[in-house]
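Visitor: I would like to learn how to read a protein model step by step. Could you take me through one, giving the general idea before each case?

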Amino acid sequence: MTDFLAPSRAAAPCRSPLDLPAPAARPEPPALPIYLDYAATTPVDPRVAQQMLVFMTEKFGNPASTSHGFGQDAAFAVAKARAQVAALVEAPAARIVWTSGATESNNLALKGAAHANRARGNHLVTVATEHKAVLDSMRRLESEGFEVTYLQPQANGLVDPAAFEAALRPDTILASVMMVNNEIGVIQPVGEFGRICRARGVLLHVDAAQAAGKLHIDVERLHIDLLSLSAHKLYGPKGIGALYVREGVRLEAQMDGGGHEQGLRSGTLPSHQIVGMGAACELARLEMDAEALRIGALRDRLRDGLAALPGVRFNGDLDRRIPHNLNVSFADCGPLAERLPDIAVSAGSACNSASAAPSYVLRALGLGDALARSAMRITLGRYTGLADVDHFLLQLRLALR
Ligand SMILES: Cc1ncc(COP(=O)(O)O)c(C=O)c1O
């Protein structure tokens, strides 16, 4: 049992001199509130924060101003971080472009590639369950005259490669499919899509915001042309992300200015954020396998506890998914997340009140309004422990009574 316990973030103070250390077999009580919303964002790992601090207070130079040591230190740190991010996805460091996060990466990839390749065709393909940063970029491109096909996933959330291939046309220039869905955690077969796209001369963009640091990603092997990353989903800071751009892929910059990042993304590089993202990616690369095993064991316990509850339904394929996510609905039950006062859990990214629209992702899987509204996205992470899972299940049982 203790194997599954996460390293505690801070030791709980003793309440009285009579407090004795708990016997090894009895799990520690959880620290409240319990955070089970790691897909929304993650805390910055203290090891990451420590490295960032130096680049805010001491080594604060502008990495583009390298005529002195301050700038040189910052430029060196940016280069190191670029290599750390690249290593996480098996890419050459020179192909990593810094952005403000996956939203900007998705915008730059889709609008940039569509604009730069318009002479080759006018048709784009994506999936109805993508993140809004992809769907709204596609809508914008439609308003500029591009044609977009929105593929529907199967009931398990996965896109059938045959349906994907059938959607490609002679004038298709770009397809965009996320690696891991942010609401239901399913893993799309992007390697298959990459193979199909490469054979047809279509660019493939992959939003990997929810996959990076959880799955091994090799952009070359998967035939990915453009890949979006975000630091705050993998224990790095908010406001920094990256776009991998395969060599030879043409993009139109979406921001004019000083011509940073090979002209693709102007703006002074936020070196402390970049150092944070690099450190977070390095930790993820080194620790991801052990972490996935530990979290997988917690998830199995959670899944078994949930399966015993009345009216429960798991959303999204139960095999092809990351261990960090479970998405469940309950028959004949309104929104549940707000009935769990000590638990920070998400009702899905689209709604957390009865009046809000139900999740478009769950609707695309064929769920009716009532099931979609009762859905809960439970996401586990680096600091989730056994006691957290057990307390959550207890609270849920009480809320369902
Ligand atoms: C799949 C996916 N793409 C994109 C984003 C946006 O990322 P960021 O917050 O870095 O802009 C998120 C985060 O919500 C996400 O889950």
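Visitor: In which loop is the place of Asn117?

Guide: Before placing any residue, please note that this is a predicted model, in which local features need pLDDT of at least 70 and side-chain atom pairs count only at pLDDT 80 or more, while totals for chains, interfaces and linings use all residues. Residues are numbered from 1 along each chain as its sequence is written, and side-chain values use heavy atoms, with hydrogens and water left out. Helices (H or I, at least four residues) and strands (E, at least two) are DSSP runs, numbered from the N terminus. With that in mind, Asn117 has its place in the loop between α3 and β3 (123-127).

Visitor: Is Asn117 buried or exposed?

Guide: The words rest on relative accessible area, where buried means under 20%, exposed means over 50%, and partly exposed lies in between (1.4 Å probe, protein chains only). Asn117 has a relative accessible area of 5%, and therefore it is buried.

Visitor: Which residues are closest to the ligand, and how many surround it?

Guide: A residue is near a molecule if one of its heavy atoms lies within 4 Å of it. Here 13 residues surround the ligand, and the closest are Thr103, Asp207, Gln210, Ser230 and Lys233. Helix α3 (residues 102-116) gives the most to this shell, with three residues.

Visitor: How is the shell around the ligand divided by class?

Guide: In this scheme Ala, Val, Leu, Ile, Met, Phe, Trp, Tyr, Cys and Pro count as nonpolar, Asp, Glu, Lys and Arg as charged, and the others, Gly among them, as polar. The shell around the ligand has three nonpolar, eight polar and two charged residues.

Visitor: Is Thr99 buried or exposed, and where is its place?

Guide: Thr99 has its place in strand β2 (residues 96-99), and it is buried because its relative accessible area is 2%. A polar atom of the Thr99 side chain lies 3.1 Å from the backbone oxygen of Gly101.

Visitor: What should I see at Asn315?

Guide: Asn315 is placed in the loop between β9 (312-314) and β10 (325-330). At 1% relative accessibility Asn315 counts as buried, and a polar contact of 2.8 Å joins its side chain to that of Arg313.

Visitor: What about Glu147, is it buried or partly exposed?

Guide: Glu147 belongs to strand β4 (residues 147-151), and because its relative accessibility is 42%, it counts as partly exposed. The C-alpha atoms of Glu147 and Val125 are separated by 8.6 Å, with the two residues 22 apart along the chain.

Visitor: Which backbone features deserve attention, for instance at Leu32 and Pro33?

Guide: Most residues other than glycine have a negative phi, and most peptide bonds are trans. Here a cis peptide bond joins Leu32 and Pro33, with omega about -5 degrees, and Pro33 lies in the segment before β1 (34-35). Glu90, in the loop between α2 (69-88) and β2, has a positive phi near 60 degrees.

Visitor: Where does Gln262 lie, and what is its phi?

Guide: Gln262 lies in the loop between β8 (241-245) and α7 (271-307), and its phi is positive, about 55 degrees, although it is not a glycine. Gln262 counts as exposed because its relative accessibility is 57%.

Methods:
Polar contact = N/O pair within 3.5 Å; in protein donor to acceptor, adjacent residues only side chain to side chain.
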